[in-house]
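Subject: Structure handover

Hello,

The structure you asked about is below. Please open it alongside this note.

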Amino acid sequence: MRVTFTANGKPVEADDVWEGESLLYVLRERVGLPGSKNACEQGECGSCTVYLDGTPVCSCLVAAGQVQDREVRTVEGLTDGEELGLVQQAFVDAGAVQCGFCTPGLLVQTDALLDRSPQPSDTDIREALSGNLCRCTGYEKIMDAVRLASARKCQKVGTSE
Amino acid sequence: MSARTIQGQKNLQDITTGSPHGIGGSPLRPDGTLKVKGEFAYSSDMWHEDMLWGMALRSPHPRANILSVDISEALKTPGVYAVLTHEDIPGSKYYGLEIQDQPALAIDKVRYHGEAIALVAADHPETARRAVKKIKVEYEVLTPITTEEQALNPEVHGYVHEPHEYKSHGSGNICHSQKLVYGKGVTDEVKALADVVVKGEYEVGMQDQAFLGPESGLAVPAEDGGIDLYVATQWLHVDRQQMAPVLGLPEEKVRLTLAGVGGAFGGREDLSMQIHASLLAQRTGKPVKIVYARDESFFGHVHRHPAKMSYEHGATRDGKLVYSDVRLVLDGGAYASASPAVVGNAASLGNGPYNIPNVRMEAIALYTNNPSCGAMRGFGAVQACFGYETQMDRLAAELGMDPVELRQLNAMSEGDYLPTGQQIDSPAPVAELLRRVKDMPLPPPLDLTNLDIRELPGALSNTSHGEGIVRGIGYSVGIKNVGFSEGFDDYSTARVRLEVIGGEPVAMVHTAMAEVGQGGVTVHAQIARTELGVEQVTIHPANTEVGSAGSTSASRQTYMTGGAVKLAAEAVKYALIEKGRKRYGWAQNDLNLVGGKVVSESAGVLVPMVDLLGDEAIDLTREHHHRPTEAFDKETGQGFGHVQYTFCANRAVVDVDVELGLVKVVELTAAQDVGKALNPLSVVGQIQGGCTQALGLAVMEEIIVKDGKVRNASFTDYLIPTILDVPPIPVDVLELPDPNAPYGLRGVGEAPTVSATPSIVAAIRQATGIALNRIPVRPEHLTGTL
């Protein structure tokens, strides 16, 4: 089948898609967006998290056909033009990236958290990121990164207002 | 490889970053930007025009004879390009890290659940999956050998490897054993010196590395008949060494490039898909990609050895250890993997960082039909630490002593001897590390009037509003070796090039080191900056075009390959200064490279490096060898066996819901001596990550194996800690330099994974009063509903 959707603001089209393929497979193998990661492919690890019409989802659990005419935003779409986006920069600065395989999913989930709750408590952060497994960091630097991104975001909002 | 055919390949090219930070600073990772943009190409991201997908048929039985394999239906499937069995292997059919006992594809029998039997290459992963299902295998299913009792009684239960095909150094179903006797050993005379004796039997379940990036890679057939493989591994050169004979190729025709590695933790020391993808690429003449799904990953790599351990300690009334009598039985599973080295570590480190005048120890690894076990972070030192630290707590209780004081009283320090007879010849601040974790402020007590139930055991499940919660505190300390031991010449190679690019001096570092997330590339750039006085450093992709860097394991890479980068950079520095001496006739002996200039301490700036270099590049390669070690005596375990030792102490604070058996670790404190923190941010990240894997082993992580079959090969059923399970991890870093090591550094990655588990179990024990002699501790162990 043919699937057409919007990925990071651009129209994309995938041909010869087998009906059993996931959105994750189509992104990674058919439309050149391998940033979303394939760690468990059963919705446990969160590494494949993308926005689907603005809501974070595990793209491994979304059938390719379900995204017809819808909008997908992946880790590749979190940049601010050529520059790193605020959440991306905070993860690099805080040392929250080691192997980095969990990072794309965490970035999307953190972006969504800070959108709805710009100043989350530590417990809020832990709740929001509880569906994203990381095996390297012990999560401490990820907590630091989210706190840093939150502080910078609030500062930015404060400055622009 | 043509760049256009592999997408997202930016980390397979040079990465150049500028920073003023040499060693001791915490510059940003050179690969960090690519990783957060989703542009870093992991091995599973490799993509090639016209590529095929490879997949293996794996055995559903742990032990069976293969009577026949019929591939005809699979071959007829449209879209299938090749189906291979062991009969199609062009070269040697066996491989292995230490002992070549593992067939690349099963030959007439299978020895563990998940052993690969046949391979398919197809134009789509689903086509490959369907073709795999069409391969017909006729099995004669046998009763698996799964216990120590069965393994040690081959007359009744048979052999995992028949005596005539036996390749290991042991015999029967023993893969490897190591005995150790220190002091007078354990005799009646020695036992009579002890006022108090504590005996215990302990058990450790099978832990998985559970790296997030699945085993994967892309094998591309080359015009010269060789193979170019892009792969996630821990040691490119040892992969090649094992692959080439099986592929029937000389090593130089097997070229490996490190693709992005999504974590490793020991699980990538053995081969997984490397040979399989290459065989399929050889047969089809097309690039072949293999990516394991998570369930296949559980079958596709070795795990941490499960252990049954018996410990007996004798001590005087005032708490001085008199003797220990220890037996460690490690289940190595079907193939040897790293079992011999794991046994060596278990035997030499299994008495902990304590002065014990008399020791008798035996460690063995069994062959069974359980999943193969080999390297995992902590490598043979983890299981024993749970045993000896539990013993220390029990001994303290028996003596009415404080458990930390008992440990400090017996703690080894510089100048003391390990039970191997090796003297500790660099700082060993065991008592000090314990003092530091004990002195750190405790988290506030549970306040029932001001609760966020998400912070309680059970967390988001809303299982308690504070009722039934009991707090406990526990301590532990552990010892780990750094680098490869027992006489292995564990060298690393580095190439450093200095040249002027865009009017600025730029250093390029080229090694075969596997960057698996630990931040070795960051440290390499820092070393180049420190030694060469430059800001811009280029990290060349890791590949087999340069000499071996050894394995990214044993906490060794900063020591070994970092040491090689230091040597190569120093050689480049001396060559540049020599060039200056010839040109300018400098006589000073106090020359250095600082801030892009050649500087004399007495005479100041002499010349900018760009002027001295001109159009010339200085490009030198050096090998770094650690000081030699020796094999342990087979019967006595004596020998200068290890390169370096590393110590970590922990304090755990837990809340336990004693009614439901749920545990919440409230805080996990660590103190570790790292010799010299080359990158403090990464050092703390390693310690926190290491503690977290230890937390997993303490309270949740276990591969459940029943009758040789793996029952929980998924992230739904094999649990690793989430951000809700992991508490704040305050880290206290000591820097007491080791005079034998580059910059005085001490390997960091493994010690916390060794030491942290027992502190958590001790804290649960304190909260519940339950003995807890087996890890992981599960709710049913706490509620008595097992």
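Here is what I found in it.

This is a predicted model, in which local features need pLDDT of at least 70 and side-chain atom pairs count only at pLDDT 80 or more, while totals for chains, interfaces and linings use all residues. Residues are numbered from 1 along each chain as its sequence is written, and chains are lettered from A and ligands numbered from 1 in the order in which they are written.

Where the chains meet

46 residues of chain A are in contact with 53 residues of chain B. Contact here puts two C-beta atoms, placed from the backbone, within 7 Å of each other. On the chain A side, helices H2 (86-93), H3, H4 (122-128) and H5 (140-160) each give two or more residues. Helices (H or I, at least four residues) and strands (E, at least two) are DSSP runs, numbered from the N terminus. H2(A) gives the largest share, 4 residues. By class, the chain A side has 20 nonpolar, 17 polar and 9 charged residues. Ala, Val, Leu, Ile, Met, Phe, Trp, Tyr, Cys and Pro count as nonpolar, Asp, Glu, Lys and Arg as charged, and the others, Gly among them, as polar.

H2(A) is mostly covered, with 6 of its 8 residues buried. A residue is buried if 20 or more other C-beta atoms lie within 10 Å of its own, exposed if 12 or fewer, and partly exposed in between. The buried ones are Val87(A), Gln88(A), Gln89(A), Ala90(A), Phe91(A) and Val92(A). Just after H2(A), Gly95(A) has a positive phi of about 75°.

Now take Val726(B). It sits in the loop between strands S30 (709-710) and S31 (731-734) of chain B. Val726(B) is buried, with 24 other C-beta atoms within 10 Å. Leaving out residues up to four places away in sequence, Val726(B) touches Gly138(A) and Tyr139(A), as well as Thr692(B), Leu695(B) and Pro721(B). Leu668(B) is 58 residues away along the chain, yet its C-alpha atom is 8.5 Å from that of Val726(B).

The sheet in chain A

Chain A has an open sheet of 5 strands, in the order S2-S1-S5-S3-S4, with mixed pairing. Strands pair if DSSP finds at least two bridges between them. S2 (10-14) and S4 (55-58) of chain A are at the edges with a single partner strand each, so one side of each has no neighbour in the sheet. The twist averages 40° from one strand to the next. S1 (residues 3-7) and S5 (residues 71-73) of chain A run parallel, joined by 2 bridges. Ala7(A) stands opposite Val72(A) in S5(A). Helix H3 (residues 103-116) of chain A lies across S3 (49-52) and S4, at about 45° to S3(A). Axes are lines fitted to C-alpha atoms, for helices over the stretch in contact, and angles run from 0 to 180 degrees between N-to-C directions.

The sheet and helices in chain B

Chain B also has an open sheet of 5 strands, in the order S1-S22-S21-S20-S26, with mixed pairing. Its edge strands are S1 (15-18) and S26 (618-624), each pairing on one side only. Here the twist averages 20° from one strand to the next. S20 (residues 492-501) and S26(B) are antiparallel over 7 bridges. Arg495(B) stands opposite Thr621(B) in S26(B).

H14(B) lies across S1, S20, S21 (504-510) and S22 (536-539), at about 140° to S22(B). H15(B) lies across S20, S21 and S26, at about 140° to S26(B). The axes of H14 (residues 520-532) and H15 (residues 557-584) of chain B come within 9 Å and cross at roughly 30°. That makes H14(B) roughly parallel to H15(B), a term for angles under 35 degrees. Their contact has 7 nonpolar, 6 polar and 4 charged residues.

Which way do S19(B) and S27 (residues 644-657) of chain B run, parallel or antiparallel? They run antiparallel, joined by 14 bridges. Arg471(B) has Asp655(B) as its bridge partner in S27(B). S19 (residues 469-482) of chain B is mostly covered, with 11 of its 14 residues buried.

Best wishes

Methods:
Angles under 35 degrees count as roughly parallel, over 145 as roughly antiparallel, 65 to 115 as roughly perpendicular and the rest as oblique.
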